[in-house]
Amino acid sequence: MNISTNNIDDLNAIISIELKKEDYLPKVEKALNTAKNNAVIKGFRKGFVPIGVVKKMYGNSILLDELNKSVSEALNKHIEDQKLSMLGRPLPKPNESIDIDINNPGDFTFQYEVGLAPEVKVTALDKKTKVSKNVITIDDKTLNEELDKLAQRYGNVTNPEEVKEGKESVLEKAELNQELFDKVYGPGIVTSLDEFKEKLRKELQDFADKSAENKFKDEIYLTIMEKTDVKFPDAFLKKFIKASNENPIDEEQIENEYPQFEKGLKWNLITGAIAKSNDIKVEFEDVKNFSKDQLRAQFMMYGGGITDEMIETFNDNMMAKEDHVKKSYDGALEQKLFTFIESQITADEKSVTFDEFFNKKEDK
């Protein structure tokens, strides 16, 4: 057996696997004997089917199966031994000249197209790189508007009978009193208007801070992507997309979807390079804590009322699910990566009001 990699350029290669018949025939003979012993064919006792009959009935399919196994094993070992960093998976090149004949076994050559992962140099992790970050303040105007919305939401309809007749409802705002405080936060949680305002202001601030942080991450992503040049084996990747799709996909659809696919792949390579060069790793405890934080946030969206013990129990159940663990791992890794990236760049902070941040129009 002879295996070689021919680099067409920095991003494309061809792996050739030359199989001599002595490389695979012993495996074929062994598989034929196994089939002979297990075959159930009318007119013959099990285990006494002539090998010629087995060859005639199953020979070519057994030969093809063993060829595929030998090539697959050789390909995987070669990739591992050569430490080839690939994009996607190797794609077999069509070869119509291959003739599968159990009675006339020969030498075969199989070729695979390979897309090579480019070297990624992230040079934007520097204090010279400035990324805009909004610092949102909850001013009195914002707080009063939110108070007014709550008074509207928990107000009383003054004309219920007319509403039944199809007329428009007339709403009387709720007063800012204990009744409203109890409706919003539960009985006795808040006992004065000042406490009510302070709790509401904190909720608005937490929401604003989270939104600003997400926007900051988006800006970091765009900045790093723009400042990092990555070349791809585009033709190969488009072939890979077509070959990997469960349903038929035409060229136009591939062209339309490729830019988004390329962006995702580019970001994965960038974050992979950052993690590798800075030894950023995710431990199981990181995954578990990330999952726990996400679950706690979800429960808070529905009003909270859950203890730490309940979170622990629920989290243990979720961590038994493979999909949840993978999502939590990805989330924990992203969290660590962004924390590191933020420490390397300069956040260009700008103070804005709640209204300016959430209601400003995008630049044309």
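About 400 Å³ of space lies in the second largest pocket. A pocket is an open set of points on a 1 Å grid over the protein atoms alone, where a 1.4 Å probe fits, with protein on both sides within 12 Å along at least five of seven lines. Grid points are joined across faces, edges and corners, and a volume is the space filled by probe spheres set on the points. This is a predicted model: local features need pLDDT of at least 70, side-chain atom pairs count only at pLDDT 80 or more, and totals for chains, interfaces and linings use all residues. Residues are numbered from 1 along each chain as its sequence is written, and side-chain values use heavy atoms, without hydrogens and water.

Start with the second largest pocket. H6, H9 and helix H11 (322-344) each supply at least two. Helices are DSSP runs of H or I, at least four residues long, numbered from the N terminus.

Now turn to the largest pocket. Its volume is about 740 Å³. Of its 20 lining residues, Tyr185, Lys199, Glu203, Leu204 and Met300 are the closest to the centre. Helices H3 (140-153), H5 (178-185), H6 (193-227) and H9 (284-301) each supply at least two lining residues. Here H6 gives the most, with 8 residues.

Methods:
1 Å grid on protein atoms, 1.4 Å probe; cavity = no way out; pocket = protein on both sides within 12 Å on 5 of 7 lines; lining within 4 Å.
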